[in-house]
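Trainee: I've got a new structure open on my screen. Could you walk me through it?

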Amino acid sequence: MFEKLLGNDQIKEAVLRMMAKDRFPHSALFVGEKGVGKKLFALEIARSFLCQNPNDFQACEVCTSCKRIGVFSFPTSDKKDDFDKVFLSEHLDVGQIISFKRNISVAAIRELEREANFRPFEGKARFFIVDDAEKMNDSAANALLKTLEEPSATTYIFLITSRPMSLLQTIRSRCQTIRFAPIEAKKIEQFLVSKSGFSAIDAQLLARLSAGSIGRALSLDLVNFRTQRGRMISVLEGILNRKLSIVLQVSEQLGDAKLKDEYEIHLEILQTLIHDLWTIQIGGKNILNVDLTTKFESLANIIQPNRLGIWLSEIETVRENLAINLNKKIATDALFVKMANG
């Protein structure tokens, strides 16, 4: 059942023990960073219950029930009312609630409450997943409380979140919390090479950038990332080689309307580059931009260590000031000049 899911082996073992003893919680809160596999895990648990040919509580993955459980049809419209429901998969005993923009509607939660009282259509239980559960407002959360407190004997509800403290304490107290850890970079790297066809160097870079999230690794556009990173490397090289014209040219690019949505991403990348230089200077090997190791070893030899700390502080100040109506062009020019002089 869980072989195709990366990492969190302790959770897999714990779930199988609970299932073997018929003690799996009817209300569970799956907590962990985005992209670590929480929702896939929930669907695999549903498969194990609803599989037509289970083996030691593990789904066969080939029967019609297993194949239909993960097939959903979600709306592509921008109409709020289209999200006021429980979306049932092709297996009618598995449903999911998703948010409309930043909110999960009260209407959707109330429909879940009604659906949770129905007996299973074809399996022995029904399963409902509330994705991004932190997007419930107080009204939606309160509408869910009674169902969580007194669930039907044949109903299981899984709340998925990366921000558990944004949920009402009364919601958290009615669920058994299952915490997912970030996935090891080596496991992500191996998966990307063996299952997704990435080259070894690209897989290694993606695994480092993913911060333990296989979802992030698979969704990251490496071509665009390397373009963004190239701009920030130009800034560092321009500063170190005293070519301020190159640095200000990059600043001009960052102020362009076409890149306005990528502004903070560029600053974040610049921070990681500087941190990698610092890591090399103190003798560390585990840098994020692993494909630039040779280049960075050369750059690290020509920069004073105290400058790196000053640069990181200046960048963080700019990022904090983004909350106000900051003129990005002026702020970037000032930042790069300070870095050149600092």
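Predicted model: local features only at pLDDT ≥ 70, side-chain atom pairs only at ≥ 80, totals over all residues.

Trainee: In which sense do strand 1 and strand 6 pair?

Mentor: Strands of a sheet pair through backbone hydrogen bonds, either parallel or antiparallel. Here strand 1 (residues 27–31) and strand 6 are linked over 4 bridges, and the sense is parallel.

Trainee: What is the order of the strands in the sheet?

Mentor: The sheet is open, its pairing is mixed, and 6 strands form it. Strand 2 (87–88) and strand 6 (176–179) are the edge strands, each pairing on one side only.

Trainee: How is helix 12 placed against helix 13: roughly parallel or roughly perpendicular?

Mentor: Helix 12 (residues 263–281) packs on helix 13 (residues 293–300) with the axes 9 Å apart and at an angle of about 75 degrees. Angles of 65 to 115 degrees count as roughly perpendicular. That makes the pair roughly perpendicular.

Trainee: Which helix gives the largest share of the lining of the largest pocket?

Mentor: That pocket holds about 290 Å³ of space. Its lining has 13 residues, with Arg216, Leu220, Phe225, Ile265 and Ile269 nearest the centre. Helix 8 (200–209), helix 10 (222–240) and helix 12 each give two or more residues to the lining. The largest share is 4 residues, and it comes from helix 12.

Terms used: Residues numbered from 1 in each chain as written. Heavy atoms only, no water. Pairing = 2+ DSSP bridges. Axes fitted to C-alpha atoms, helices over the stretch in contact; angles between N-to-C directions. Parallel < 35°, antiparallel > 145°, perpendicular 65-115°, else oblique. 1 Å grid on protein atoms, 1.4 Å probe; cavity = no way out; pocket = protein on both sides within 12 Å on 5 of 7 lines; lining within 4 Å. Points joined across faces, edges and corners; volume = space filled by probe spheres on them.
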